Amino acid sequence: MGKRELNKARKRAEIVDIATRSFFEQGYAATTMSAIAEELGGSKATLWAHFSSKEELFAAVIDLQVGSFSRDIDEVLTSQTYSVPALRRLCMRFLECLMRDNAVRLFTLILSEGERFPEIREMFYSRGPERVRKCIVKFYATQFNETEAERLMQMTVSAISGYRSDVQLRPKRPTKAEQEDFVDCLVDLIASRVNLIDES
């Protein structure tokens with residue numbers, strides 16, 4: 001990468017970093033391109049040269065946040081076929097990713113403003129949850145037919161997402177041991193479902 005391209009990439013990363021803080025702290029509606037340009041310094045033309053709209057900038061923020069999430073999920077699923085130990089690793093990693101501060105903040109933002117701005121909800125879903133769901137279906141499909149793989153994915157995602165939502169309401173964050181206990185119970189439940197499938 002040449003010096004010009006490197007400087008351009010650095011400036012883009014700086015813009016996304018500023019935008020991330022603004023979206024998380026101010027919300028989607030209250031964040032403006034003008035305010036981001038002011039914090040960035042220089043002219044508004046610099047910002048517009050990288051992002052033509054707030055929607056495009058928000059998409060870059062989502063891509064940054066879900067990118068590391070997706071890579072972490074892919075890491076535990078790469079070349080994996082279904083087994084109980086592999087399932088436990090998947091569930092534990094999925095929960096760890098969902099419990100990260102930025103993941104919680106992004107989810108809260110989408111939940112609070114997605115009704116008013118359905119485009120950001122659709123943008124988030126297609127770039128994050130939808131991709132992760134496909135990866136989990138592919139994992140289950142190494143052992144089960146497509147219909148059962150879809151059902152097992154839904155069971156896994158709903159349980160872990162529900163747990164994350166539940167603990168957000170608690171005054172104290174669950175300990176690592178408590179999170180592991182939840183995952184163990186979930187894996188036992190899914191394994192029981194799998195045994196019923198095998199017996200049918």
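1. A quick convention before anything else: a salt bridge here is a side-chain nitrogen of Lys or Arg within 4 Å of a carboxyl oxygen of Asp or Glu. By that rule Asp 166 pairs with Arg 170, with 2.6 Å between the closest N and O atoms. Asp 166 is partly exposed at a relative accessible area of 36%, and Arg 170 counts as partly exposed at 36% relative accessibility. For these labels, buried is under 20% relative accessible area, exposed is over 50%, and partly exposed is in between (1.4 Å probe, protein chains only).

2. Ground rules. This is a predicted model, in which local features need pLDDT of at least 70 and side-chain atom pairs count only at pLDDT 80 or more, while totals for chains, interfaces and linings use all residues. Residues are numbered from 1 along each chain as its sequence is written, and side-chain values use heavy atoms, with hydrogens and water left out.

3. Overall build. You are looking at ten helices and zero strands, where helices (H or I, at least four residues) and strands (E, at least two) are DSSP runs numbered from the N terminus. The C-alpha atoms fill a box of roughly 65 × 45 × 30 Å along the principal axes. Of the 200 residues in the chain, 42% are buried. Contact means heavy atoms within 4.5 Å; among contacts between residues at least 6 apart in sequence, 72% join residues at least 24 apart.

4. The chain divides into domain 1 (1–52) and domain 2 (55–199), with bounds that come from an automatic or database domain assignment. Their C-alpha centres lie 30 Å apart. The contact takes 16 residues from domain 1 and 17 residues from domain 2.

5. What the domain interface is made of. The two domains bury about 1400 Å² between them, 74% of it on carbon and sulfur atoms; buried area is the accessible area (1.4 Å probe) that two parts lose on being put together, summed over both. Phe 23, Phe 24 and Tyr 28 are the trio to look at: they supply 53% of the area that domain 1 buries against domain 2, more than any other three residues.

6. Polar side of that interface. There are zero salt bridges between domain 1 and domain 2, but four residue pairs are in polar contact (both at pLDDT 80 or more). A polar contact is a pair of N or O atoms within 3.5 Å; within protein, one must be able to donate a hydrogen and the other to accept it, and residues adjacent in sequence count only if both atoms are side-chain atoms. On the domain 1 side, α1 (3–26) and α2 (33–40) each supply at least two residues, and α1 gives the largest share, eight residues. The residues on that side divide into ten nonpolar, four polar and two charged. In that count, Ala, Val, Leu, Ile, Met, Phe, Trp, Tyr, Cys and Pro are nonpolar, Asp, Glu, Lys and Arg are charged, and the others, Gly among them, are polar.

7. Salt bridges elsewhere. A search of the whole structure finds 14 salt bridges. One of them joins the side chains of Glu 96 and Lys 176 (2.6 Å, N to O). That pair links distant parts of the chain, with Glu 96 in helix α5 (residues 84–99) and Lys 176 in helix α10 (residues 176–199), 80 residues apart. Glu 96 is partly exposed at 28% relative accessibility, and Lys 176 is partly exposed too, with a relative accessible area of 44%.

8. Arg 173 and Asp 101 form a salt bridge whose closest N and O atoms are 3.9 Å apart. Arg 173 is in the loop between α9 and α10 and Asp 101 is in helix α6 (residues 101–113), so this pair ties together parts 72 residues apart in sequence. Both residues are exposed.

9. Asp 72 is in helix α4 (residues 54–77) and counts as buried at 17% relative accessibility. Its side chain makes a polar contact of 2.3 Å with that of Arg 100. Not counting residues up to four places away in sequence, Asp 72 touches Arg 93, Cys 97 and Arg 100.

10. Last stop, helix α9. Gln 168 lies in this helix and is partly exposed, with a relative accessible area of 34%. Leaving aside neighbours within four places in sequence, Gln 168 contacts Val 104, Phe 107 and Thr 108.
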